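Here is a note for a colleague who is opening this structure for the first time. Please read it with the model on screen.

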Amino acid sequence: MMYGDTRQIEDKPIGIRARKKWLIVAIFVLAAGSVIIANLSFVAGLFGEETVKNFDDYKTVIGKTTENSFGKLTLNEVMVDDNQLLFNATFEPEDSINFDYQIFFFPQVHVNGEDFTVRNRGQTIEQHESKYTIYSSIQVSELPQDEKLILDISYDKWTLEKSIDQPWDFQVEASQKQILTDKKIFSINETIPLTNGNEVTVTKVVSTPISTTIYYYLAKSPSETVDFKIESASGKSWRWDSGFMLDDKKNAISVNRFDALYLTDDIYYLIPIATDDKALGPSIQIGK
């Protein structure tokens, strides 16, 4: 099996690019759109017991279980990041269900009664034959800034060829108090020329202990995206981990997300890059 007993998959309702380091194993077509297999090991690490950094301050422990004819699903924990929702669940299928690590869940989420979802990624890890860990990463367009969010979560879609007539539904209250406290917002609003003749406008950079996100748009080619890397003043650099568009409108905002990067120094530099890591334009200073 690839990834041991692990597979990951991604639902992409809008034009999105997967991380270049992700191993693309296969392409599927679902009713809701195209999906690709992608690595969610970072999300699994956030909820793991052996993480280098403790993320308990950003988790909301749920521990609720619902059951239908397909099996029992327990929503263990929820984590709120900058325009990102992360779920950790456990699935125990009924004996009659031919379930394995290659079947993926895509929970539908409403936040305070509204649907902000732009991308839905999932990962299934087999613990043993009758129990599986289900990780989900929901990228959203704009989360409300309330300290507490009401999440209506419906696990009503998966890749198994059986419709879920009675979804596993949860309504939970998730806290983002600590992430709002620790979040750093750098207002940029700077436009730079690119060597390919385009221009990129970076509107802001948002950094949390969980991730750093670049918000930008390409005025001349709104349907396209660009890659970035971040460099510290000492020369250490990080490449983006995932990128996608928030919508498909003119001057649509796109994002580059850097997993596990928290900008704690005074100054960093944001550099647009090509696939070979060569700079596509001048750097933009982040910070003082």
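The points below go from the overall picture to single residues.

1. **Ground rules.** This is a predicted model, in which local features need pLDDT of at least 70, side-chain atom pairs count only at pLDDT 80 or more, and totals for chains, interfaces and linings use all residues. Residues are numbered from 1 along each chain as its sequence is written, and side-chain values use heavy atoms, with hydrogens and water left out.

2. **Overall make-up.** The protein has 2 helices and 21 strands. Helices (H or I, at least four residues) and strands (E, at least two) are DSSP runs, numbered from the N terminus. Of its 288 residues, 52% count as buried. Buried means under 20% relative accessible area, exposed over 50%, and partly exposed in between (1.4 Å probe, protein chains only). Contact means heavy atoms within 4.5 Å. Among contacts with a separation of 6 or more, 60% are between residues 24 or more positions apart.

3. Strand 10 covers residues 131–140. It is largely enclosed by the rest of the structure, because 9 of its 10 residues are buried. Two strands pair if DSSP finds at least two bridges between them. Strand 9 (residues 117–128) runs antiparallel to strand 10, and 10 bridges join them. These two strands form a hairpin with 2 residues between them. His128 stands opposite Lys131 of strand 10. Strand 7 also pairs with strand 10 in the antiparallel sense, over 8 bridges. There, Phe87 has Ser136 in strand 10 as its bridge partner.

4. **Pro93.** Pro93 sits in strand 7 (residues 84–93). Its relative accessible area is 13%, so Pro93 is buried. Beyond residues up to four places away in sequence, it touches Phe70, Gly71, Phe99, Ser130 and Tyr132. Ser69 is 24 residues from Pro93 along the chain, and their C-alpha atoms are separated by 8.9 Å.

5. **Aromatic pairs.** The whole structure holds 17 aromatic pairs. Rings of Phe, Tyr and Trp (its six-membered ring) pair if their centres lie within 6.5 Å; planes under 30 degrees apart count as stacked, over 60 as edge-to-face and the rest as tilted. Phe91 and Trp168 form an edge-to-face pair, with 5.4 Å centre to centre and 80° between the planes. This pair links distant parts of the chain: Phe91 is in strand 7 and Trp168 in strand 12 (residues 168–175), 77 residues apart. Both Phe91 and Trp168 are buried. Phe99 and Tyr132 have ring centres 4.8 Å apart and planes at 70°, so this pair is edge-to-face. Phe99 lies in the loop between strand 7 and strand 8 (108–111), 33 residues from Tyr132 in strand 10. Phe99 and Tyr132 are buried.

6. **One aromatic cluster.** Phe70, Phe91, Phe99, Phe105, Tyr132, Tyr155, Trp158, Trp168 and Phe170 form one aromatic cluster. Leaving out residues up to four places away in sequence, the contacts of Trp158 include Phe91, Phe99, Phe105 and Trp168.

7. **Two cores.** A nonpolar core is a set of buried Ala, Val, Leu, Ile, Met, Phe, Trp, Tyr and Cys residues joined through side-chain atoms within 4.5 Å. The largest has 33 residues; Leu75, Leu85, Phe87, Leu151, Tyr155, Trp158 and Trp168 touch the most other members. Strand 6 (71–81), strand 7, strand 8, strand 10, strand 11 (148–155) and strand 12 each supply at least two residues of this core. Apart from it lies another core of 22 residues, among them Phe186, Val205, Tyr268 and Leu280.

8. **Asn98, an exposed loop residue.** Asn98 is in the loop between strand 7 and strand 8. At 67% relative accessibility, Asn98 counts as exposed. Beyond its neighbours within four places in sequence, Asn98 is in contact with Ile103 and Leu160.
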